[in-house]
Amino acid sequence: MSARAGLRRGHVLCSLTRRGSGIGRVGVSSAQQQQRRLLNHFISRAPPLPETPPHNGVPDEPLSQPQAKSFTLAVKDNIATTTSSLPTTCGSAFLASHHSPFEATIVTQLRRRGGVLVGKTNLDEFGMGSHSVNSAFGPVAQKAKRSAGGSSGGSAVAVAEGEADVALGTDTGGSVRLPAAYTGTVGYKPSYGMLSRHGVVPYANSLDTVGLLARSVGAVAELVVGAGRLWAEHDPMDPTSLSAAARARCASVREGYQGGLPLPRDESSQSQSPSLGERYTQRHGSSTLARSHEAEKSPEAMVKGVRFGIPLEYNIEELDPCIRDAWAAAAERLRALGARIVPVSLPSTRHALSAYYVIAPAEASSNLAKYDGVRYGSVRADSDEDDSKTTTDAADGGVLYAATRGHGFGEEVKRRILLGSYTLSSEAMDNYFLQAQKVRRLVRRDFDRVFALENPLHEPEAFSLSDLPDTVAMENKFGPTEVDFLLCPTAPTLAPLLENVMAQRSPVDAYMNDVFTVPASLAGLPAISIPMEVAAEKEEGVSAVAGLQLIGQFWDDARLLAVAGAVSDILKAVPTVEGR
Amino acid sequence: MTRISTSELRRYLLSGQIGRQGCQRVLRAPLVPRPAPAAVGHTRRFLNTTTTTATTTTTTASPVTAHEPLRKQLKEQAKALKASGKKKKKNSDNQTVPGWELTVGIEIHAQLNTARKLFSPAATSFNDHPNSHVALFDVAMPGSQPVFQPATLVPAVRAALALNCTIQPVSRFDRKHYFHWDQPAGYQITQYYEPFARNGRIVLNARDGIAAEDGDRIEVGIQQVQLEQDTAKTTAQPGDVQWLDFNRVGVPLIEIITRPQMHHPATAAALVRKIQMLLTSVDACVSGMEAGGLRADVNVSVRRTGDLAQGLGTRTEIKNLSSFKAVEDAIIAERDRQIALLDAGGVVLGETRGWSLGSTETRRLRGKEGEVDYRYMPDPDLGPVVIGAPLVKHLAESLGMLPDAEIDQLMEQHGLSSKDALSLMLLDNGARVQYYYNVLDQLDRLLGSTSTDETGHALLAANWCLHELGKLTDSPSDLRMTADGECSVSSVGLATILSHLYKREITAKVAKDLLWGVFRTEISPDGITQAIESEGLWFKELRDDEYADLADCVIEGEDKVLKEFARFKEGKSRAYPQGKLMFLVGKMMRAGPEERMDPASAERVMKARLDEVYLPGLEAAQ
């Protein structure tokens with residue numbers, strides 16, 4: 001992090017360089033601690049570490065690889081940890097005292113790579129929210145009393161405040177990217193199935209991904225595609241974790257995965273297309289991005305020739321003008337450096353948010369059915385009008401569970417359970433859940449159509465040009481230009497003041513914040529939010545920062561991280577807009 | 001103090017019977033090894049055990065726990081009888097109601113014979129220490145995920161093939177939501193939208209016990225077969241306390257859904273019986289209905305005959321029937337209730353009803369308004385199940401002989417009656433017929449014959465395996481029959497006894513005593529011949545002249561009887577007075593040394609004496 005970036009945030013803490021100073025909790029004054037406590041970003045903190053070399057963080061397990069340099073790690077509290085001082089509460093009263101008997105795979109993986117747990121971060125209950133205010137442990141705040149975003153708000157603040165070098169979040173519809181955008185950090189959501197979800201308390205399984213937050217893209221890239229090679233590890237405990245064979249197949253048609261994976265014989269022989277890779281080379285000639293990761297190219301050289309799509313549908317009415325300006329300026333800057341900026345159309349975008357808010361609550365209502373007071377939470381018989389019925393006819397009347405669940409869940413969770421229960425009910429299923437699944441397919445098709453790379457999980461589809469809106473320019477007679485990445489804002493607005501969030505008339509207003517992040521979640525694509533300075537009035541000396549989102553084709557995470565790192569450096573080096 | 005077996009006690013206390021050996025013998029005799037409580041007999045298995053021996057196909061385990069307590073059964077029976085105030089009609093006379101047509105469809109749940117649970121590597125178990133085989137996913141630990149165990153497909157596909165289903169190349173899992181404490185996740189994972197097998201059929205023959213109205217044979221369609229999870233076992237404790245055993249949660253089940261194509265109660269019961277037999281014969285099922293491994297829900301509707309245009313009537317579902325008799329009785333009762341309701345101008349409501357053993361009426365569990373909306377949703381954690389054609393082909397080829405073919409063989413080649421053949425197949429969940437084969441093999445060996453064409457000794461073996469063995473105990477489970485066809489009376493032991501009997505070296509009575517001795521472990525199976533020798537039990541039959549002397553003694557003073565024979569001989573009566581003959585033979589048996597007599601020989605000699613000496617004498621006297 002450059003001194004300049006620290007200054008730009010205008011926050012004295014940010015100027016403290018955490019990198020290279022070992023554990024990031026040295027030299028923090030008690031006043032600063034006091035101030036941080038007000039942020040309420042941790043639910044529980046790990047006890048202070050003894051002054052020993054940090055590889056003791058994983059005392060019981062032999063290290064499978066040479067010990068990388070250690071880093072501090074904050075973990076969102078819906079990811080299971082076994083340390084006795086760190087329960088796994090999910091921000092819910094139901095699990096306030098829940099100590100998981102097992103550790104999430106991703107936590108084990110990161111500890112093996114030098115991660116030292118500093119604490120469990122606050123979140124919206126079970127990950128449901130966009131401002132991290134729906135927690136049984138109170139709302140999260142960031143500096144200047146603004147929303148930290150949600151639901152991984154605690155993790156984002158922990159990273160922004162320098163208390164963790166890397167924080168784990170979960171991203172279901174933008175829950176890592178949105179807090180990253182609000183707090184000026186980097187938030188990465190991997191391709192669905194790349195990082196293990198075993199030990200992640202599910203919100204909506206088909207959308208949930210484990211995401212990483214850090215202050216730089218490099219820190220994330222190092223763990224996922226660099227020496228960390230998280231991308232290569234299949235977890236047999238997670239049925240949605242891509243098998244080793246599928247990983248090898250996907251990686252074989254992608255760039256930037258150093259070392260690769262041996263392609264199993266049977267897989268390669270029946271692989272739908274060894275031609276996929278050939279097709280890529282045919283179509284693109286000699287790739288400008290070849291070995292971009294290992295070659296230490298300058299950021300400018302990295303973006304040269306890269307095609308960035310600007311989704312026309314993302315230029316919505318609700319988009320804050322200052323963010324629209326910064327987005328345009330960033331695109332202009334990249335064009336000036338030799339990138340191609342291509343307007344693209346994703347026609348299904350306008351239905352994506354609705355589809356998301358049907359699918360996610362439906363799955364949530366199912367996942368949360370287990371919290372009934374029998375095993376989690378306490379039975380609330382006292383609040384029932386008819387106590388005798390509670391005991392005699394609990395199963396039929398549902399009285400036993402109704403009281404317990406009504407008391408144990410927060411308002412937002414109850415709202416989504418009711419919503420999900422309705423959309424799955426036999427009379428509403430066809431009109432809501434099934435329609436939403438169709439929209440989900442259309443969203444994925446939209447992405448597959450604009451990306452130059454094919455989606456390795458699906459057979460290539462033929463698209464009719466007549467389906468395209470007139471606004472899309474044709475590259476040639478075969479169709480419009482295909483792109484490498486999509487470039488768009490992460491959220492339509494800047495981080496709002498917490499008091500405004502709390503005063504929001506309709507809880508549904510908050511759903512709007514997910515409009516740009518939800519499509520990539522529905523399609524299972526990798527996406528990353530990087531900080532982008534915007535021209536807005538400074539408040540308490542804080543200049544406004546928004547998130548710029550890059551979305552890539554499935555399993556194109558390596559290139560996405562490499563290019564996002566370059567774009568991030570470019571945006572930092574030259575301010576895109578001058579303050580007004 | 002010596003303990004008396006519970007079956008013995010029960011017989012004494014409830015029926016006032018004392019075992020034929022007398023109470024003194026019972027006390028002195030070495031104890032019949034009691035069936036060990038399952039939990040004791042097993043080595044304890046742990047979670048995620050890697051041994052393949054973890055398969056618990058404990059057919060030997062006592063099924064007693066699965067039964068309703070006897071006292072409760074009797075009480076309910078008495079109550080029901082009192083309530084009805086009339087004697088029930090015999091079921092076989094009660095298959096139809098004039099003017100009405102009954103339609104029945106059945107859903108059968110069967111526990112699959114697998115080593116692991118459906119979505120966790122925890123071992124499946126039966127009557128093990130409670131909560132000893134539970135993985136994190138089984139109790140829905142937050143953050144745990146299902147991991148499909150592909151080995152569960154083997155018995156599932158076998159079952160579906162035995163039901164003539166088409167195996168679907170791709171099937172999927174769905175979540176069925178409802179709240180109950182025996183359901184830790186708040187949903188059951190099942191296959192609602194895309195089951196793994198569809199469009200089967202099952203043929204029921206007259207010998208399977210279908211209603212006479214259905215004729216010789218009827219075919220019932222199987223709509224689908226789906227894989228799903230079992231729930232935890234609830235044990236009610238005094239004072240509103242329920243104990244939960246999560247060993248059963250997540251155990252793989254198949255649900256077999258028939259088409260509504262049965263129209264008679266007996267046929268429905270026959271279907272359930274036949275499905276159990278099929279599942280057992282292809283080794284797909286852990287235990288039968290009597291042990292709680294199979295449960296049936298029946299859907300019942302009625303409509304007036306000739307009212308075909310109207311479609312089926314409103315159906316009700318009767319849940320959780322746990323015996324074949326309950327299936328038939330419940331259907332009859334529900335049919336009669338619906339008809340009475342419609343006759344009185346009422347309407348049948350689509351609702352779920354229950355049935356308790358021995359009652360005469362079904363009872364309402366919940367109505368439509370209380371119906372649970374299961375909110376089926378594809379499970380987002382689980383991918384599709386892809387079943388390859390080679391697997392299906394392999395399993396189809398290794399399916400073995402199906403019960404119908406086996407019964408045909410038993411009838412045609414072994415000379416068994418259809419009733420006996422069916423009983424052999426059904427008893428001990430398929431183990432009895434295996435035992436019969438073992439005995440027959442040994443008997444063939446001992447008699448030095450290899451052909452089973454000579455049905456004489458096959459029939460003998462079948463009779464003893466079924467009837468004489470059955471007389472030893474009250475409950476077949478006391479025989480401790482194993483799946484490979486061995487029991488308390490080893491097959492060699494029974495075959496040895498039968499070989500002597502077949503060769504007429506011992507009498508049937510001695511053979512029965514020997515069987516009893518082997519069962520009580522007083523005689524070891526390889527010491528049978530020695531025991532006959534030392535106890536002097538060989539059959540030293542009377543010579544014919546000795547028989548003749550006895551006959552002469554007996555006939556003395558039976559002039560009236562002799563006249564009957566004379567009347568026949570003179571053509572005055574048309575039927576040979578066989579009864580009179582047997583009367584004389586019986587007298588003969590009582591008069592002579594029974595252990596040296598064979599009733600057949602006695603009959604032969606008596607008849608000869610009558611024909612050759614007495615009747616001519618009588619004629620001469622006239």
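**Ground rules.** I number residues from 1 along each chain as its sequence is written, and I letter chains from A and number ligands from 1 in the order in which they are written. I am working with a predicted model, in which local features need pLDDT of at least 70 and side-chain atom pairs count only at pLDDT 80 or more, while totals for chains, interfaces and linings use all residues.

**Chain B, overall.** I counted 19 helices and 16 strands in chain B; helices (H or I, at least four residues) and strands (E, at least two) are DSSP runs, numbered from the N terminus. Of the 622 residues of chain B, 40% count as buried, and for this I took a residue as buried if 20 or more other C-beta atoms lie within 10 Å of its own, exposed if 12 or fewer, and partly exposed in between, with C-beta atoms placed from the backbone. The domain assignment divides chain B into domain 1 (6-80), domain 2 (81-93 + 101-386), domain 3 (401-535) and domain 4 (544-621), with bounds that come from an automatic or database domain assignment. Between the C-alpha centres of domain 2 and domain 4 of chain B I noted a distance of 61 Å.

**Backbone angles.** Most residues other than glycine have a negative phi, and most peptide bonds are trans. I therefore noted Asp283(B), whose phi is near 60°, in the loop between helix H6 (265-281) and strand S11 (294-304) of chain B; because Asp283(B) has 18 C-beta neighbours inside 10 Å, I list this residue as partly exposed. Asn320(B) also has a positive phi, near 60°, but sits in strand S12 (residues 316-321) of chain B, and with 12 C-beta neighbours inside 10 Å Asn320(B) counts as exposed. In chain A I found a cis peptide bond from Gly150(A) to Ser151(A), with omega near 5°, and Ser151(A) belongs to the loop between strand S5 (146-147) and helix H4 (153-160) of chain A.

**Where the chains meet.** I find 34 residues of chain A in contact with 29 residues of chain B. On the side of chain A that touches chain B, helix H12 (349-367), helix H14 (394-397) and helix H16 (411-424) each supply at least two residues, and H12(A) gives the most, with three. The residues of that side divide into 15 nonpolar, 13 polar and six charged, with Ala, Val, Leu, Ile, Met, Phe, Trp, Tyr, Cys and Pro counted as nonpolar, Asp, Glu, Lys and Arg as charged, and the others, Gly among them, as polar.

**Helix H17 of chain A.** I checked the length of H17(A) (residues 430-450): at 1.5 Å a residue, its 21 residues should span 30 Å, and the end C-alpha atoms are 30 Å apart, which agrees; the expected span is 1.5 Å times one less than the number of residues. Buried residues of H17(A) include Tyr432(A), Phe433(A), Arg440(A), Arg444(A), Asp446(A) and Asp448(A). The buried residues of this helix pack against strand S9 (307-311), strand S10 (340-344), H12, H16 and helix H19 (518-523) of chain A.

**Strand S15 of chain A.** Is S15(A) (residues 545-552) enclosed or open? I found eight of its eight residues buried, so the strand is largely enclosed by the rest of the structure. Val545(A), Gly547(A), Gln549(A) and Ile551(A) point one way, and Ala546(A), Leu548(A), Leu550(A) and Gly552(A) the other way. Strand S13 (residues 485-489) of chain A runs antiparallel to S15(A), joined by five bridges, and Pro489(A) has Leu548(A) as its bridge partner. Strand S14 (residues 527-533) of chain A is also antiparallel to S15(A), with seven bridges; I took two strands as paired if DSSP finds at least two bridges between them.

**Pro531(A).** I followed this residue of S14(A) to its bridge partner in S15(A), Gly547(A). Pro531(A) is buried, with 26 other C-beta atoms within 10 Å. Leaving aside neighbours within four places in sequence, Pro531(A) is in contact with Gly184(A), Thr185(A), Val545(A) and Gly547(A).

Key. Contact = placed C-beta atoms within 7 Å.
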